[in-house]
Amino acid sequence: MKKNNKIFVRLLYLSVLITVSCSKQDAIEESKENPIDASTVVIGNSSANHANGGKVCGDEKSIYFSNWNEDGYLYKMIPGTNEKELVLEEPCYNINIIEDYIYYQSERDHSILAYCISSGESKTLVKDVVEDMVVTSDAIYFISNTIEKIDLEGKERVQLLPEGEYFYLDVCGDNLFYTCIKDNVNLYTVSKEGKNSYLLLEGTKGSVVIEDKIFYTGVEDNMLYCYDAKDQTKKLIDMGYNANTWNDNIYYIKNNYLCCYSNNIYTTILQDYFEQITDDYELEAYYIVNDSMYIVYSVYGNGIEYEEMIALNLTIDDTLLK
């Protein structure tokens, strides 16, 4: 079904409502040593938000998002309000903010562009069809038919890995993480210079790298795991996918509900809210920006489909999550 073209994004600030309820590349070598340096690095969007397509991102002043009901155009809003403003008539995803610039991919041709917030000027940095990208404070790492990097001005383009069918890319500390289509969704890590590649985990879907923790869903059992790179152990969380964290809480999607795991307790978030929706709905994604969670879901009714986004302030009644 086609989506209607009306603006239907509602930004509801709610208190927390909880009901407890590639074939291997030649350069890759297997290793038992810990390849992850969890040192901090400035990135334009969080790893978990990026894993959801990076369609919401924010700085201290504004939240930028792809307005699904306005052809994916780039909008911004002020946190705590329902006010929204058109920024660019460009269908976008993989939105990243580094200082005064927004870096993003176009839904039209999957190129990489940069938009200057203060001047309103934009330019194309990579014209190629890009499968995925991650932006840091000094470079853009992206997948074309190889894994490459380019500086924030769109110059000094460097190939890091040989040609392959890569489809996921992430950055943490001094390492890149990627998977290959033909390789049973195995997760590899390599330095940001393209050296010392390692096979890290086998059979991982929806991988999210958060410091020295890697969250993923097992290919064979669809269970959500957390892999600790420090002691090289993994822990079963629950059936689910799309993991994200805030404070000591682990969030994920299970059976069309948003769930939280904390202190060995499982809770369902906003269950009462979603049970009040009379039409069919599907929880699409969620994003954590600063101390707020932005939850996106589709509603199907009366022959039309539209999407809504609600905002949840995580600092309100957060003791319920402990």
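The structure is a predicted model, in which local features need pLDDT of at least 70 and side-chain atom pairs count only at pLDDT 80 or more, while totals for chains, interfaces and linings use all residues. Residues are numbered from 1 along each chain as its sequence is written, and side-chain values use heavy atoms, with hydrogens and water left out.

**Nonpolar cores**

- A nonpolar core is a set of buried Ala, Val, Leu, Ile, Met, Phe, Trp, Tyr and Cys residues joined through side-chain atoms within 4.5 Å. Buried means under 20% relative accessible area, exposed means over 50%, and partly exposed lies in between (1.4 Å probe, protein chains only).
- The largest nonpolar core has 22 residues, and those with the most contacts inside it are Y251, L258, L270, F274, M293, I295 and Y297.
- At least two residues of this core come from each of β25 (249-254), β26 (257-262), α2 (271-275), β28 (280-289), β29 (292-301) and β30 (304-313). Such helices (H or I, at least four residues) and strands (E, at least two) are DSSP runs, numbered from the N terminus.
- A second, separate core has 16 residues, including Y141, L161, Y188 and L199.
- Leaving aside residues up to four places away in sequence, F274 touches Y257, Y281, L283, I295 and Y297; contact means heavy atoms within 4.5 Å.

**A four-stranded sheet**

- Four strands form an open sheet in the order β12-β13-β14-β15, with antiparallel pairing. Two strands pair if DSSP finds at least two bridges between them.
- At the edges are β12 (132-135) and β15 (158-161), each of which pairs on one side only.
- Strands β13 (residues 140-143) and β14 (residues 147-150) are joined in the antiparallel sense by four bridges. F142 stands opposite E148 in β14.

**Cysteines**

- A disulfide is a pair of cysteine sulfur atoms within 2.5 Å, and by this rule the count is zero.
- The sulfur of C259 has its closest cysteine sulfur in C260, 8.8 Å away, which is too far for a bond.
- C259 counts as buried because its relative accessibility is 6%; C260 also counts as buried, at 1%.

**Two loop residues with positive phi**

- N255 lies in the loop between β25 and β26. Its phi is near 50°, a positive value in a residue other than glycine, and N255 is exposed, with a relative accessible area of 58%.
- N290 lies in the loop between β28 and β29. Phi of N290 is near 55°, again positive in a residue other than glycine, and N290 is exposed at 54% relative accessible area.
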